[in-house]
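The sequence and structure come first, and the notes follow by topic.

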Amino acid sequence: MASIIRVDSIRDSGDNVIVSSNGSGTFTNNLGIDNTPSWMAQANSAQSVSANTNTKINFGNEIYDTNNAFSDSRFTCPSGGDGKYFVSAQTGLANLPANKYNQVRLYKNGSNIGEALGLVNFANGTDGLVLINFNITLVAGDYLEIFGRHDNSSSLNTRQSNDVFFTGYKIIGA
């Protein structure tokens, strides 16, 4: 036999509302914890990436930015945002030839701190996608950027929309 408890709020011993519901399934968290700052942006057009050159990737389609900390394809940790963050980025290159690589690099304060590399092993090449995930400690003023690189003999264009993205959020309790 199942039991059902129905309440419109959960309160602490001081009668402070911790969690409340409007009765329609919408809850309000008054615990003061959430995964913010957080952001997500995508490429809104193809971008040329030169051969064997670290090229900053442009993310012109901002999906969300909870603290207005994402600007000019860069996330800058806001005041009060110190902590550990989960960051993810993906780049894609259109028509990457066989036996060539696509690389995504995470930069913190202008320096490369991590990278992921994908090598195309298909005889006819492909649109190579590479994803990087990273946990990183940030303090106010630290900034993150994404760079792409490849070893084709000439420039290649990035893919567009959801194939090229940059997202992240502050980790609760870390």
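Asn 109 sits in the loop between β11 and β12 (111–119). Its phi is near 50 degrees, a positive value in a residue other than glycine. The model is a predicted one.

**Loop residues with particular backbone geometry**

- Most residues other than glycine have a negative phi, and most peptide bonds are trans.
- Asn 109 is partly exposed, as its relative accessible area is 34%, which falls between the limits of 20% for buried and 50% for exposed.
- Asn 99 also has a positive phi, near 65 degrees, and is a residue other than glycine.
- The loop that holds Asn 99 runs between β10 (83–96) and β11 (101–108).
- With a relative accessible area of 54%, Asn 99 counts as exposed, because the cut-off for that class is over 50%.
- Thr 36 and Pro 37 are joined by a cis peptide bond, with omega at about 5 degrees.
- Pro 37 belongs to the loop between β3 (27–29) and β4 (38–43).

**Nonpolar core**

- The largest nonpolar core contains 27 residues, and Phe 75, Leu 144 and Phe 166 have the most contacts inside it.
- Two or more residues of this core come from each of β4, β10, β11, β13 (126–138), β14 (143–150) and β16 (161–170).
- The element that gives the most to this core is β10, with 5 residues.
- Leaving aside residues up to four places away in sequence, Leu 144 touches a set of residues that includes Phe 75 and Phe 166.
- Also among the residues that Leu 144 touches are Trp 39, Val 87, Leu 106, Ile 136 and Leu 138, together with Ser 73, Arg 74, Tyr 107 and Lys 108.

**Overall fold and dimensions**

- The protein has 16 strands and 0 helices.
- Its radius of gyration is 21 Å, whereas the globule rule gives 16 Å for 174 residues, so the protein is more spread out than a compact globule.
- Along the principal axes, the C-alpha atoms fill a box of roughly 70 × 45 × 25 Å.
- Among contacts in the protein with a separation of 6 or more, 71% are between residues 24 or more positions apart.

**Surface and charge**

- Of the 174 residues, 39% count as buried.
- The accessible surface comes to about 9600 Å², and carbon and sulfur atoms account for 46% of this area.

Conventions:
Residues numbered from 1 in each chain as written. Predicted model: local features only at pLDDT ≥ 70, side-chain atom pairs only at ≥ 80, totals over all residues. Heavy atoms only, no water. Helix = DSSP H or I, 4+ residues; strand = E, 2+ residues; numbered from the N terminus. Rg over C-alpha atoms; globule rule 2.2 N^0.38 Å. Buried < 20%, exposed > 50% of the residue type's maximum accessible area, 1.4 Å probe, protein only. Contact = heavy atoms within 4.5 Å. Areas by Shrake-Rupley, 256 points an atom, 1.4 Å probe, with all protein chains shown as cover. Core = buried A, V, L, I, M, F, W, Y, C linked by side-chain atoms within 4.5 Å.
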